[in-house]
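Try each task before you read its solution.

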Amino acid sequence: MSQRITTFEEFRDAISAYRLPRVLLAGLELDLFTAVGDRSWTVADLSKKLKVSERGLDILCRNLAAAGVLHKKGSLYKNSRLGATALNRTHRAYRGGYLDIMQTHWKDWGRMLESVQSGLPIDHDIPDAPDYRRQFTWAMHHRTLEIAPVIAAQIRLGRARTLLDLGGGPGTYAMAFLDKNPRLQASVCDREAALIVAKEIASTHRTGRRLSYVPLDFSREAIPGTYDVIWYSNVLHIYSPEDNQAIFRRAFAALAPGGRFIIQDAFLHDREGLHPTEASLFAVSMLLFTTGGNTYSASETAKWLKGAGFVGVKSLSLKKGTEDWENGILQASVPDRRQKAIARRTQSKGS
Ligand SMILES: C[S@@+](CC[C@H](N)C(=O)[O-])C[C@H]1O[C@@H](n2cnc3c(N)ncnc32)[C@H](O)[C@@H]1O
């Protein structure tokens, strides 16, 4: 939804957009794609297997087929490629982690008014609770496993030899950077429970041998070590402006002279802070799930970066259609030793 709503009909149509998501989620809630598997079904047989009414399933399947996630031939339904793989619990490409979170979000978004009234999250998830963290970390992997390599391939790390994936969760981006940069060593910094998942994933990849792990709460503690690059992806929005500025200072301190801090997030790009729509809508998730998070404009984030000592703040463009967020990458540099010395000499001549 990117167009502006001006008429009642447009308003009605915008609200009615809940219908297709509801149909798709009903399919997931029934685990229908797993039940369909790799054979064709009549509605009568499938309704027996799923233990639901034939009339209800007929209307559901017809809509799933109209959406393209099932295929219909005559009176038989079978899975589309997507249904047979990413939506099918028994397939190795199943994206269950993220699908589970989308189902939970449907219910959570239904409680939005509570958060609007209180200004607080609807529930207080304990970020370190191992079960919650494990599920969330797998969800992040399932969300990014295809785009991370495409994005990492477009970010030139040059002579960088060390990279820290700060708030890297499953380490999907760290692994993608390792794959593209054979001389790179990477570390994932996150909560202990997230790092357990990162280790499980890395153990199945050859490049996982070049990955190390930094358990840390970086909203409270200094970042140990020195890195050429810090990658900060999809973390900015979790925190308040003040918290982010403190984290930027910690990142600056952990970077080598000339090092780079690269932020990926849902930046707002217009003067009023309304667009892109995806970035505005994402702020609602932050209202529902965090105490201080939000989405921020690229220009205010650039100001915070300069305040922390970074120079050369610029946006990195990716090929259209390969971005996580529209125009969603900002890069900032730590001055190198020579530049620092020149700046100092210039200052002393002027004084
Ligand atoms: C939305 S996920 C993003 C994961 C990954 N960077 C990506 O782009 O897909 C945010 C991650 O930051 C981690 N995180 C947030 N605050 C943290 C903190 N204070 N200390 C350690 N990890 C933190 C979370 O545990 C989670 O894994």
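**Exercise 1.** Find how far apart the C-alpha centres of domain 1 and domain 2 lie.

*Solution.* Start with the bounds. In this predicted model, the domain assignment gives domain 1 as residues 8-93 and domain 2 as residues 130-342. Next, take the C-alpha centre of each domain. The two centres are 36 Å apart. For scale, the C-alpha trace of the protein spans about 85 × 50 × 35 Å along its principal axes.

**Exercise 2.** State how many helices and strands the protein has, and what share of its residues is buried.

*Solution.* Count the elements: there are 16 helices and ten strands. Then turn to burial. Of the 351 residues, 31% are buried.

**Exercise 3.** Identify which residues touch the most other members of the largest nonpolar core.

*Solution.* This core holds 60 residues. Those touching the most other members are Leu 163, Leu 166, Ala 174, Phe 177, Ile 230, Tyr 232 and Ala 251. Now follow Ile 230. Skip its neighbours within four places in sequence; its contacts are then Leu 164, Leu 166, Ala 251, Ala 254, Leu 255 and Phe 261. Another core lies apart, with 13 residues, including Trp 41, Leu 60, Leu 64 and Leu 70.

**Exercise 4.** Describe the shell around the ligand.

*Solution.* Begin with the number: 18 residues surround the ligand. The closest are Gly 167, Gly 169, Ser 219, Ser 233 and Asn 234. Sort the shell by type: seven residues are nonpolar, eight polar and three charged. Helix H9, residues 130-144, gives the most to the shell, with three residues.

Note on methods: Residues are numbered from 1 along each chain as its sequence is written. This is a predicted model: local features need pLDDT of at least 70, side-chain atom pairs count only at pLDDT 80 or more; totals for chains, interfaces and linings use all residues. A nonpolar core is a set of buried Ala, Val, Leu, Ile, Met, Phe, Trp, Tyr and Cys residues joined through C-beta atoms within 7 Å. A residue is buried if 20 or more other C-beta atoms lie within 10 Å of its own, exposed if 12 or fewer, and partly exposed in between; C-beta atoms are placed from the backbone. Two residues are in contact if their C-beta atoms, placed from the backbone, lie within 7 Å. Domain bounds come from an automatic or database domain assignment. Helices (H or I, at least four residues) and strands (E, at least two) are DSSP runs, numbered from the N terminus. A residue is near a molecule or strand if its C-beta atom, placed from the backbone, lies within 6 Å of it. Ala, Val, Leu, Ile, Met, Phe, Trp, Tyr, Cys and Pro count as nonpolar, Asp, Glu, Lys and Arg as charged, and the others, Gly among them, as polar.
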